[in-house]
Amino acid sequence: MASSDRPYDGRDPRVTYASEISELIRLTEEALQDPTLADAPGTYIDLLATLLSLQGVEGWGEELDGVHHGEYEVPCPACASENFIVLGEDGFFSTMDSMYTEQSAARRVPLQPRSPEALGGLALTLHSRALADGHPGIAHKLTYVFGNAQCAECDVVFSVEEAITTRWD
């Protein structure tokens, strides 16, 4: 369901399998409430991505895993340089170096999170959901995914979300 590829016969699987998809949405919602997921953020992200795909949210079903993996590789909209958007143990920053360990001399530019109060649409939905489901760490990372980054090459500030979604086109 996450893929934009469609069957050769032209039928829309969301129509053809509407009742099955509805049941899968119900089961996924149920699974997301499982308290054991508090210790399994990767599984939680996978289930949340599945839910988005089943609900027809384009792209994020395939891209949400970057929140768990702690990294997105995105092009700068101004200079097209590949930036690594890092979300995690090493901090929250953009860099040009894929080997961004503490020993790396690569430039690290701090990310600019969006405040939870400024989130809207899907960002607000995901953030609120993560908090309600007991995943404050994921909710915190989402403020960076829906915030801004500064290109580590040319210093242009850009939307991380837009840079991620540009890959879908």
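Which residue in β3 does I85 stand opposite?

Author: I85 stands opposite S94 in β3. The model is predicted, and local features here require a pLDDT of at least 70, side-chain atom pairs count only at pLDDT 80 or more, and totals for chains, interfaces and linings use all residues. Residues are numbered from 1 along each chain as its sequence is written, and side-chain values use heavy atoms, with hydrogens and water left out.

Strand β3 covers residues 91-95 and pairs with β2 in the antiparallel sense over five bridges; strands are DSSP runs of E of at least two residues, helices runs of H or I of at least four, numbered from the N terminus. Two strands pair if DSSP finds at least two bridges between them. The open sheet has four strands in the order β1-β2-β3-β4, with antiparallel pairing. Its edge strands, β1 and β4 (109-110), each pair on one side only. Helix α7 packs on this sheet, touching β1, β2 and β3, and its direction makes about 155° with that of β2 (axes are lines fitted to C-alpha atoms, for helices over the stretch in contact; angles run from 0 to 180 degrees between N-to-C directions).

I85 also belongs to the largest nonpolar core, of 34 residues, and is among those with the most contacts inside it. Such a core is a set of buried Ala, Val, Leu, Ile, Met, Phe, Trp, Tyr and Cys residues joined through side-chain atoms within 4.5 Å, buried meaning under 20% relative accessible area (1.4 Å probe, protein chains only). β1 (71-75), β2 (82-88) and α7 (136-145) are among the elements that each supply at least two residues of this core.

Notes:
Buried < 20%, exposed > 50% of the residue type's maximum accessible area, 1.4 Å probe, protein only. Contact = heavy atoms within 4.5 Å.
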